[in-house]
Structures are given as structure tokens and as C-alpha cells.
Amino acid sequence: MNKDNNEIYDIIFAGGGAAACVTAGRLAEADPSLKILVVESGPHTRELQEHVQPARAFSNFILSKAFTFHVGQPSDSVAGRSVVVPSGRCLGGGSSVNLMVYTRGSASDYDDWETIYGNKGWGSKDLIPLLKKAETYESEIFNSTHGTSGPIKACMADSEISVAEQFLETAAQYDKERSIAEDINDFTTVNKYGRWARYIDAKSGRRSDTPHHYIYNQTANANLQILASKRVVRVIFEENKAAGVEYVDDIVDDGTERSATYVARASRLVVIATGAFGSPAILERSGIGARAILERNNIPVLVELPGVGENYMDHNVVFVPYLASEDSGTLDAVFRGTEEEIEPFVSRWRNEGNGLMAHNALDAGIKLRPTPKELEELGPEFAERWRAHFEGAPDKPVMLFASFAAYAGMNPNAPRRKYFSFCYFTAYPVSTGHVHITSGADAYGKLDFRPGYLDNVEDVVVLRWVYKKGRELARRMKGYRGEFDLDHPQFPAGSDATAKVTDGPVDIDSADIKYTAEDNKVIDEYHRRTVETTWHSIGTCAMKSRENGGVVDERLNVYGVQNLKVADCSIAPGNVGANIYNTAIAIGEKAAVIIAEDLGIKGVTAT
């Protein structure tokens with residue numbers, strides 16, 4: 001049974017993730033008379049401690065209902081595992097649950113969107129001003145790429161960062177081919193170590209997400225309505241014009257039976273913004289997608305668009321743990337502590353806005369490109385990828401590599417103590433996948449999800465390179481006390497690389513570990529067993545030409561229909577060599593400009 005929402009809205013957003021909050025908030029701010037409805041499958045996040053207290057982010061992956069967990073197909077490329085990829089299922093999406101890492105893509109990433117994929121207005125010259133508009137960068141500014149008056153706050157931690165400091169001190173002494181920079185997130189810098197900022201307010205110590213800074217700050221505007229815990233099933237069309245959405249109650253939150261469906265109507269525009277999993281699924285349930293997939297799901301074909309759900313991209317991450325000295329400043333006590341144990345940290349955060357609860361454990365890193373010697377060591381498996389993608393784009397990193405001030409694994413046998421970890425991920429994996437519906441119009445049906453991780457050998461050899469690099473840096477850090485062997489490669493007896501416990505670091509000038517061909521094989525097997533999602537899912541409604549598998553054009557219009565756009569990270573035609581939150585903000589801001597231009601809404605500017 002369908003139940004109509006009697007109110008007719010100007011714009012309906014199917015999804016209330018990071019980008020959607022930016023777009024809806026900007027439009028509502030520019031014209032408060034606009035009737036805007038945001039339909040979000042998950043709950044509200046306003047002032048909830050699990051969302052606003054930064055250090056709770058890690059435990060949220062285990063304890064929170066604010067995620068949807070997508071189970072991938074088993075694959076030999078990841079040792080027969082079914083990789084599980086979470087996505088934010090709450091207002092603000094990933095911005096409300098991520099690790100708040102402030103890294104920004106390379107300028108050439110966005111220039112590729114414009115030049116290679118033909119999307120006018122999506123180059124770095126267009127998106128960087130929008131990112132500056134969105135941002136208040138609260139740490140010292142060394143260049144013109146940062147904003148000073150936007151809603152989203154970013155800052156560097158100024159205390160309790162001993163792991164990051166040790167990492168940078170060691171890198172400066174050991175890695176003679178690279179140097180330290182004041183700002184490594186200026187859209188161009190690579191191969192320099194430096195501090196990483198976080199999406200955390202320097203004064204309050206709060207997470208800086210999009211709902212609190214674009215939506216919840218407009219509660220006086222009754223025309224901006226949020227319908228939480230409702231999942232969009234499909235878009236409703238009148239002929240080929242989008243006229244509204246059909247949605248159901250979210251059974252995860254309230255346990256209701258899937259009986260009644262509801263309809264909300266839009267007079268001017270429907271915007272799909274449920275991310276790399278939700279957006280293609282809504283399109284397919286609406287009759288837009290590959291004919292074979294729609295027919296297999298008994299969905300009448302409205303528009304044959306075979307690119308829907310294809311081009312799934314992510315980054316492939318590994319967290320490698322090391323034992324840390326007891327005087328190291330880590331977040332293990334917070335990440336693995338009970339509520340009673342962490343109460344002193346929570347109290348300090350509430351009273352002063354600082355302390356460990358105002359941290360995310362990621363305070364330093366580097367965007368890595370191989371030196372000529374390292375490129376030779378990577379071997380012929382990587383040579384063509386280097387020539388095709390990196391050689392002519394000197395601002396593109398091959399890997400992102402960072403220190404992490406805690407144990408990041410899930411091994412129940414890991415003893416309670418202090419750790420630090422190195423995390424690293426492939427910036428532009430060759431391997432891609434897909435996401436498609438399997439259960440007809442059931443909004444809760446299982447997805448046909450193939451992550452594609454490590455299907456190509458190029459993605460494996462770079463992980464091996466950075467594992468080795470991390471070992472050398474780690475064992476020279478002042479707080480190093482050995483490897484946590486259960487979460488390291490299990491090298492054969494007698495290998496120089498065997499994990500060990502020690503009472504301190506080796507000398508800076510000590511010889512590097514020598515790896516045999518068998519050791520290299522063990523490292524590759526280790527990565528296939530342990531590589532995971534970086535929670536950076538993008539690309540499944542790609543902004544490309546229709547004949548090249550595109551789903552939307554440069555104005556975000558879905559091909560073949562009217563009054564329907566997609567505006568989230570699923571529109572990315574190519575990958576971005578950074579954490580994705582910054583790109584989600586850029587897409588949200590750009591979508592607001594485009595929609596305002598299309599609908600004649602004044603007051604939304606491109607700078």
C-alpha cells in the first residue's frame with residue numbers, strides 16, 4: 001500500500017550523506033522559501049557523542065548502527081575472502097562516521113575529470129575555490145589553497161602526538177631521498193613527509209561533519225525537512241520526468257515490518273545521493289541500468305544505461321601494528337577501553353575540548369612516489385602502470401602512507417598495551433568492481449557486489465614495497481619495541497624479516513632487512529589475506545559520456561530522463577589519490593552551484 005506525503009517539495013534528495021547535506025544546506029541557505037526534503041535511511045546524528053567525539057570513530061565500526069555493511073563476492077585475489085565494506089548510514093553519511101583524515105586529491109585528479117572524461121567545469125581550477133569556500137583551516141597556512149571562513153573546520157593536533165613526531169624525526173634521518181614539508185596537502189606536493197590535519201574543530205575538539213555545519217544550523221528554516229530512518233526504494237516518473245520518490249521505513253532502526261510504502265513528490269528536481277552502493281541501486285530499481293540486470297530483477301526498462309553500478313573504485317588499505325614503549329602517546333586506552341575506563345578522557349573533552357578524545361590517531365604521513373631505484377625494485381609488473389598513469393603526472397602519489405597511534409587490528413589475541421601502526425593504501429588501484437541489485441524492488445535486498453581488490457598484480461607489488469619501507473622506518477623509531485607478530489607476514493624460519501620483540505630501536509644507519517624471493521611471496525600472501533576497504537567507495541554512477549559507460553553528464557543529469565540528478569561520490573569518473581571526504585565536499589558544493597544555475601536560484605556562488 002502506498003501512502004502519499006501530501007506536501008509537494010521543490011527538491012527531494014534521495015539520501016542524506018556527506019555531499020547531500022552540503023548541497024541541500026547551500027540551496028536552503030540561499031533561498032529559504034525552497035521546499036527541500038532529504039530522505040535518509042539512517043538516523044539523525046545531532047549532538048550524539050558517538051558522532052561528535054572524534055576518538056569514538058574507530059570503535060564505531062564495531063558498535064554503531066550507523067553503517068550498512070556490504071559483503072563482497074569471495075575472490076581468490078583476497079585469499080578466498082568476502083571483503084566487507086561499510087558505508088555511512090546516518091545523516092551526514094561518511095562525514096559523520098569516518099576517521100576525519102584531512103588529505104586532498106592531486107590537482108591532476110580533477111583535471112582528468114575535465115580533460116580525459118570531458119566534464120567541463122570539473123577541473124582543479126573550478127573545484128579548489130569551492131573547497132576553499134567550504135573550509136576554515138585553523139592551523140598555520142603556508143599557501144593559497146586553504147579556506148579561512150567556511151563551515152568545515154580542519155586543524156592539526158598540537159599535543160599528544162609523540163608517535164607522529166617520532167615518525168617524522170625518523171623519516172628525516174633515514175629517508176635521504178625525501179624531505180619534510182610544512183604542508184603536504186596543497187594539491188601538488190608528493191614525496192615529502194609532513195603533518196596531517198584532521199576534520200576536527202580546534203577550539204571545541206568536535207568532529208567537523210556536514211550535517212552539523214550545513215543542516216542542523218538551519219533549524220529555523222521549516223522548509224528544509226529531514227526525513228530520517230526512511231529508505232528510498234525508487235524514483236517515481238511521469239513519462240520520463242522524475243516526479244518524486246517511493247520510500248519505506250528503515251527496519252534497521254525501528255524493526256518495523258516492510259509493509260507500507262510512502263511517496264513524496266517533487267515539482268522541480270530529484271537528486272539521488274546515497275553513495276556508491278545506494279545510488280546505482282536506486283537507479284536500477286527505478287528502471288535505469290543494464291537491460292540484462294533489470295530484466296533479471298523483473299524491473300521494467302525505462303532507460304538502458306549499462307554503466308550503472310559499474311566502475312566501482314576504492315583504495316586498498318593495510319594497517320600493520322608495532323609494539324610501542326609505555327611512554328608513547330597512543331590512543332589504545334580510548335579505542336579499546338570500556339566506558340568507565342575512558343570517562344576521564346570524555347570529561348576532559350567536554351570541559352576543555354581537547355585531550356585524547358579530540359584525536360583521530362592519524363597525525364603524519366606522506367604521499368609516496370617511488371624513486372628511480374625503488375621503481376626498479378618494483379619490477380616489470382609495475383612498469384607499464386607507471387608509464388601510463390604516473391610518469392606524466394608528477395603530482396600523483398602511488399601510495400599514501402601514515403603513522404597511526406594505536407593498534408588498528410581486530411585480533412582478539414592482541415594484548416592490551418600500547419601500539420603504533422603504519423597504514424598505507426594504493427592511491428589509484430588498477431582493479432575495479434561493480435555493484436548491482438539482485439532482489440527486484442526490495443530496497444533491503446542483497447547486492448551483487450564485486451570489490452575487485454588486488455585482481456591486478458600492479459596493486460600487489462606496491463603494497464609489498466611500502467610494507468618493507470614501513471618496517472625500516474618503524475624499527476628506527478624511538479618508541480619501537482618490536483612487531484606484533486600475529487598481524488605480520490609469517491616469514492619462514494631463518495628469515496631476516498621474522499617479527500620479533502625488542503627493547504628498543506636499531507640505529508639509524510643499520511643495514512636494511514634483506515628479503516628473499518620466498519619472503520616476497522609471503523608478503524604478497526599476507527596482503528591478500530589482510531587488505532581491506534579504505535571506506536572510499538566511488539564511481540558507480542560515473543560522470544562520463546554515455547557511450548563510454550557514463551551515467552550522468554557534467555551537469556549531473558542522468559542520461560535519458562529529465563529532472564533527475566546524481567550528486568555524491570558515485571559520480572567520480574576516475575579515482576582520487578586521497579581520502580574521499582574532501583572530494584565529497586567538492587561534489588556537494590559543485591552540485592549546489594549547478595542546481596542553483598539550472599533552477600534560477602540566486603545566492604549560490606562558485607567561490
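Student: Where is Arg 528 placed?
Tutor: Arg 528 sits in helix H16, residues 517–530. Keep in mind that this is a predicted model.

Student: Why is Arg 528 called partly exposed?
Tutor: Its relative accessible area is 24%. Buried means under 20%, and exposed means over 50%. The 24% of Arg 528 falls in between, so Arg 528 is partly exposed.

Student: What makes a residue count as a contact of Arg 528, and which ones do?
Tutor: Heavy atoms must come within 4.5 Å. Neighbours within four places in sequence are left aside. Arg 528 then has contacts with Asp 76, Ser 77, Val 78, Ala 79, Arg 81, Leu 454 and Val 460.

Student: How far is Arg 528 from Gly 309?
Tutor: Their C-alpha atoms are separated by 25 Å. Along the chain, the two residues are 219 apart.

Student: Why is the protein chain called as compact as a globular protein of its length?
Tutor: Start with its parts: 17 helices and 25 strands. The radius of gyration is 24 Å. The globule rule gives 25 Å for 607 residues. The two values are close, so the chain is as compact as a globular protein of that length. Along its principal axes, the C-alpha trace spans about 70 × 55 × 45 Å.

Student: How much of the chain is buried?
Tutor: Buried residues make up 63% of the 607. The accessible surface comes to about 22400 Å². Carbon and sulfur atoms hold 49% of that surface.

Student: How do you know what share of contacts joins residues at least 24 apart?
Tutor: Take the contacts between residues at least 6 apart in sequence. Of these, 75% join residues at least 24 apart.

Student: How many positive and negative side chains are there?
Tutor: There are 65 positive and 83 negative ones. The centres of the two sets lie 1 Å apart.

Student: What makes a set of residues a nonpolar core, and how many residues has the largest one?
Tutor: Its members are buried nonpolar residues joined through side-chain atoms within 4.5 Å. The largest core has 192 residues. Among those with the most contacts inside it are Leu 27, Leu 283 and Leu 564. Helix H17, residues 581–599, gives the most to this core, with 12 residues. A second, separate core has 5 residues, including Leu 323 and Phe 484.

Student: Which residues does Leu 283 contact?
Tutor: Leave aside neighbours within four places in sequence. Its contacts then include Ile 272, Ile 288, Val 308 and Cys 541. Val 551, Val 558, Leu 564 and Val 566 are also among them.

Student: Why is Ala 361 called buried?
Tutor: Its relative accessibility is 2%. The limit for buried is under 20%. The 2% of Ala 361 is under that limit, so Ala 361 counts as buried. Ala 361 lies in the loop between helix H12 (339–352) and strand E18 (364–368). Its phi is near 80°, a positive value in a residue other than glycine.

Student: How do you know whether Trp 535 is buried, partly exposed or exposed?
Tutor: Its relative accessibility is 31%. That lies between 20% and 50%, so Trp 535 counts as partly exposed.

Student: What makes Glu 160 partly exposed?
Tutor: Glu 160 has 32% relative accessibility. That value lies between 20% and 50%, so the label is partly exposed. Glu 160 is in the loop between E7 and helix H6 (162–174). Its contacts beyond four places in sequence are Arg 348, Gly 355, Leu 356 and His 359.

Student: How far apart are Glu 160 and Ala 361?
Tutor: Along the chain, 201 residues. Their C-alpha atoms are separated by 9.6 Å.

Notes: Residues are numbered from 1 along each chain as its sequence is written. Side-chain values use heavy atoms; hydrogens and water are left out. Helices (H or I, at least four residues) and strands (E, at least two) are DSSP runs, numbered from the N terminus. The radius of gyration is taken over C-alpha atoms; the globule rule is 2.2 Å times the number of residues to the power 0.38. Buried means under 20% relative accessible area, exposed over 50%, partly exposed in between (1.4 Å probe, protein chains only). Accessible areas come from the Shrake-Rupley method with a 1.4 Å probe; for residues, only the protein chains shown count as cover. Lys and Arg count as positive and Asp and Glu as negative; His and the chain ends are not counted. The place of a charge is taken as NZ of Lys, CZ of Arg, CG of Asp or CD of Glu.
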